[in-house]
Amino acid sequence: MGVQVKSEGPKLVPFFKSTCVYFVLWLPTSSPSWFSALIKCLPIFCLWVFLLAHGINFLGAHSSARKILAGLIFSALGDAFLIWQEQGYFSHGLLMFAITHVLYSSAFGMKPLSVWVGLVIATISGLCYTLLYPYLSGPFTYLVAVYIALISFMGWRAIAGVQLTNDLWTWTKLSACLGAVLFMVSDLTIAVNKFCFPVPHSRAIIMATYYAAQMLIALSAVECQDADLARKRV
């Protein structure tokens, strides 16, 4: 496992560097520009490169890796829209990330089902929406509900893949699980900060958990390549 993680490290160097650039520059959100959009999206572009670095043949042979790459593409579009959220593009960003969660859910698959995990996540998600509901108005009343349902479903499929008690897990499944949880933390922070009340250091919390989530989910796509290597060794 350590060797596999170590082998992926060099491919992630551009992602770490571009993430550092984002936090070092810390461009003000009050004056959105194409440059600030580029700086925000650059770490996600680097994750595209990370997946593409595994080869076109790898992507062509594994639909889950292609779906995660497509999800990263829609994520970059969502990031760009959210740069101009105060100019009326918040719902556009919401739509892009909703598509991302559908793609990620499909990539994670429906096996194992783990109904109890789904019930726990559904309960937590319901509580979160109940807390947000009094602060929502207009189309956001149902848009946020749909979005919470989609990200919760994605989280369920990612967490369900980690079967610790049966040893049916890999480091990449654990990566997907942690990535999904961080994504949900990031988006919950966005929702509370936007609709309810200001969250201290919200931008730092949102972006740190978001970039970590996307990196971990991108790493989860490597599992199918690891499986291929294991079969070849056998």
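Student: At what angle do helix 6 and helix 8 pack, and how far apart are their axes?

Tutor: This is a predicted model, in which local features need pLDDT of at least 70, side-chain atom pairs count only at pLDDT 80 or more, and totals for chains, interfaces and linings use all residues. Residues are numbered from 1 along each chain as its sequence is written, and side-chain values use heavy atoms, with hydrogens and water left out. Helix 6 (residues 90-108) and helix 8 (residues 140-160) pack at about 25°, with their axes 9 Å apart; helices here are DSSP runs of H or I, at least four residues, numbered from the N terminus, and axes are lines fitted to C-alpha atoms over the stretch in contact, with angles from 0 to 180 degrees between N-to-C directions.

Student: What makes helix 6 roughly parallel to helix 8?

Tutor: Angles under 35 degrees count as roughly parallel and those over 145 as roughly antiparallel, while 65 to 115 is roughly perpendicular and the rest oblique. The angle is about 25°, and therefore helix 6 is called roughly parallel to helix 8.

Student: Which residues meet in this pair, and how are they classed?

Tutor: Taking contact as heavy atoms within 4.5 Å, the residues of helix 6 that meet helix 8 include F90, L94 and H101, and those on the side of helix 8 include F140, Y147 and R157. By class, the contact of helix 6 with helix 8 has 15 nonpolar, 3 polar and 1 charged residues, where Ala, Val, Leu, Ile, Met, Phe, Trp, Tyr, Cys and Pro count as nonpolar, Asp, Glu, Lys and Arg as charged, and the others, Gly among them, as polar.

Student: What follows helix 6?

Tutor: Helix 6 is followed by G109, with a positive phi near 80°. In the loop between helix 6 and helix 7 (115-132) is P112, and the peptide bond from K111 to P112 is cis, with omega near -5°.

Student: Why are helix 9 and helix 10 called roughly antiparallel?

Tutor: Helix 9 (residues 171-196) and helix 10 (residues 202-220) pack at about 155°, with their axes 7 Å apart. By the cut-off of over 145 degrees, they are therefore roughly antiparallel. The residues of their contact divide into 16 nonpolar, 10 polar and no charged.

Definitions and conventions: Helices (H or I, at least four residues) and strands (E, at least two) are DSSP runs, numbered from the N terminus.
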